[in-house]
Amino acid sequence: MNRLLLACIITISFQPLFAQSLLLTQLKQHITYLAADELEGRQTGSKGERLAYEYISKYYQQLGLKPVGDNGTYIQAFPFTIKANPHDTIVVIKDTSAKTAHNIAAYLDNGAATTVVIGAHYDHLGYAEYGNSLYAGTEHLIHNGADDNASGTAAVLELARILKSSTAKKNNYLFVNFSGEELGLYGSKYFVEHLPIGIAPINYMLNLDMVGRLRNDGGLALGGVGTSPSFTSLLNHLASDSFAVKKTESGVGPSDHTSFYLKNYPVLFFFTGTHSDYHKPSDDVEKINFQGEANVINYLVTIVDSLDNKGKLVFTKTKNEDNKETPKFKVTLGIMPDYVYNGTGIKIDGVSDGKPAAKAGMQTGDVIIALGKMKVTDMQSYMTALAAHKKGDSVKAKVMRDGKVKKLNVTF
Ligand SMILES: [Zn+2]
């Protein structure tokens with residue numbers, strides 16, 4: 001056997017393995033830094049936000065991407081004010097003075113006619129000084145936000161590195177890290193109103209928010225599938241061994257892709273689901289599934305590659321099933337739904353202590369199939385059923401537990 005040829009074979013067959021281990025190493029490095037206590041939970045407009053945007057900018061600079069922020073930098077400053085959430089009881093700062101936060105934007109110019117935006121928010125809750133925490137204690141602890149959303153931030157950084165050497169060159173790529181997401185999509189709203197000058201028109205937008213906790217069942221939520229017919233046909237054909245993909249149509253959802261959808265751009269939203277550490281100080285780097293996140297990144301690269309020849313995608317409006325305009329609720333059940341569950345009903349991912357679900361004996365893993373007189377088949381029917389009740393109502397709920405229907409009494 002020829003030693004040189006063998007060397008070639010070894011190089012070729014080890015190339016993907018090397019690429020994968022590099023990806024894992026890089027993800028680990030980014031998330032470990034971004035979710036470190038030193039960054040104090042990356043609160044919008046804080047010192048931790050600055051440390052994060054300096055780190056991210058430096059990485060784009062090393063990759064040789066074009067800065068398309070303010071005055072030749074990667075940073076786009078934007079104003080924001082805190083509007084305290086009336087449902088939040090532990091907000092300590094009710095400061096309504098004007099403040100400044102920062103998006104980050106880096107451009108990979110392939111000389112193409114259109115641009116694909118790949119984005120993720122990098123801000124998180126800090127010490128929860130503006131609320132939004134699900135932590136029940138009274139101490140003000142750092143919310144490190146490893147999954148939410150150091151994971152998506154790291155994914156965007158690595159996608160920038162990977163797509164730089166990709167052969168898919170019929171689009172340019174704009175990598176954007178938004179701030180102000182947790183306070184109400186401030187960064188992405190500002191960004192779509194103030195797009196960088198000199199970039200080719202936007203083709204479509206991909207958003208990664210919480211992609212670091214892929215579970216053993218491989219549940220991956222993919223939102224916005226209905227925003228372009230090209231997505232529907234591609235995703236029907238794209239086989240995925242690594243994931244149980246849960247597709248939803250709506251371009252409106254709980255993250256920054258909503259801002260782009262509302263400006264009539266096709267969007268896709270990647271999300272590996274909620275967990276018991278969601279919006280708590282325990283959302284830490286030790287709990288990240290790096291291999292799972294690498295799989296999400298590879299899946300996204302496949303999508304970008306497959307759409308490379310499709311030109312400018314057609315945009316379609318969707319029925320907004322996740323819309324914030326859905327009925328106002330007078331009651332809450334106190335469960336965390338499993339957003340990546342594929343079956344009929346609402347699967348419970350977590351139960352809050354002292355709330356109606358917990359009092360009724362609902363457990364993590366139960367699947368709610370009826371509430372009162374109403375059948376629960378999906379998120380929409382669940383919300384409709386909730387909206388039909390008021391405080392003090394007592395109803396029967398049906399849940400599936402261990403393959404059997406169980407009736408429980410719920411008092412709102
Ligand atoms: Zn969040």
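**Reading features of a predicted model**

Biologist: At what N to O distance do the side chains of K287 and D277 meet in a salt bridge?

Modeller: The side chains of K287 and D277 meet at 3.3 Å, N to O. Both residues lie in the loop between β9 and α7, so the pair ties together parts that are 10 residues apart in sequence. In general, side chains of opposite charge can pair when their charged atoms come close. The rule used here asks for a side-chain nitrogen of Lys or Arg within 4 Å of a carboxyl oxygen of Asp or Glu. Helices (H or I, at least four residues) and strands (E, at least two) are DSSP runs, numbered from the N terminus.

Biologist: Which residues are linked with D277 in a network of salt bridges?

Modeller: The network links R213, D277 and K287. D277 and R213 form a salt bridge at 2.8 Å, N to O. D277 lies in the loop between β9 and α7 (290-306) and R213 in the loop between β6 (202-208) and β7 (219-223), so this pair ties together parts that are 64 residues apart in sequence. Burial is the next point to read: buried means under 20% relative accessible area, exposed over 50%, and partly exposed in between, with a 1.4 Å probe and protein chains only. D277 and R213 are both buried, with D277 at 8% relative accessibility. K287, at 38%, counts as partly exposed.

Biologist: How many salt bridges are there by this rule, and where do R50 and E54 lie?

Modeller: The count comes to nine. R50 and E54 both lie in helix α2 (residues 47-63), four residues apart, about one turn of the helix. The closest N and O atoms of their salt bridge are 3.2 Å apart. Both ends are partly exposed, R50 at 34% and E54 at 38%.

Biologist: Which backbone features deserve a check?

Modeller: Most residues other than glycine have a negative phi, and most peptide bonds are trans. Here, a cis peptide bond joins D148 and N149, with omega about 0 degrees; N149 lies in helix α3 (residues 146-164). N264 has a positive phi near 70 degrees, in the loop between α6 (257-261) and β9 (267-271), and is partly exposed at 39%. D402 has a positive phi of about 50 degrees. D402 sits in the loop between β14 and β15 and is exposed, with a relative accessible area of 73%.

Biologist: Where is V410 placed, and is V410 buried or exposed?

Modeller: V410 is in strand β15 (residues 404-411). At 0% relative accessibility, V410 is buried. The C-alpha atoms of V410 and E293 are separated by 38 Å, the two residues being 117 apart along the chain.

Biologist: What describes the chain as a whole?

Modeller: The chain has nine helices and 15 strands, and buried residues make up 53% of its 412 residues. Along its principal axes the C-alpha trace spans about 75 × 55 × 40 Å.

Conventions: Residues are numbered from 1 along each chain as its sequence is written. This is a predicted model: local features need pLDDT of at least 70, side-chain atom pairs count only at pLDDT 80 or more; totals for chains, interfaces and linings use all residues. Side-chain values use heavy atoms; hydrogens and water are left out.
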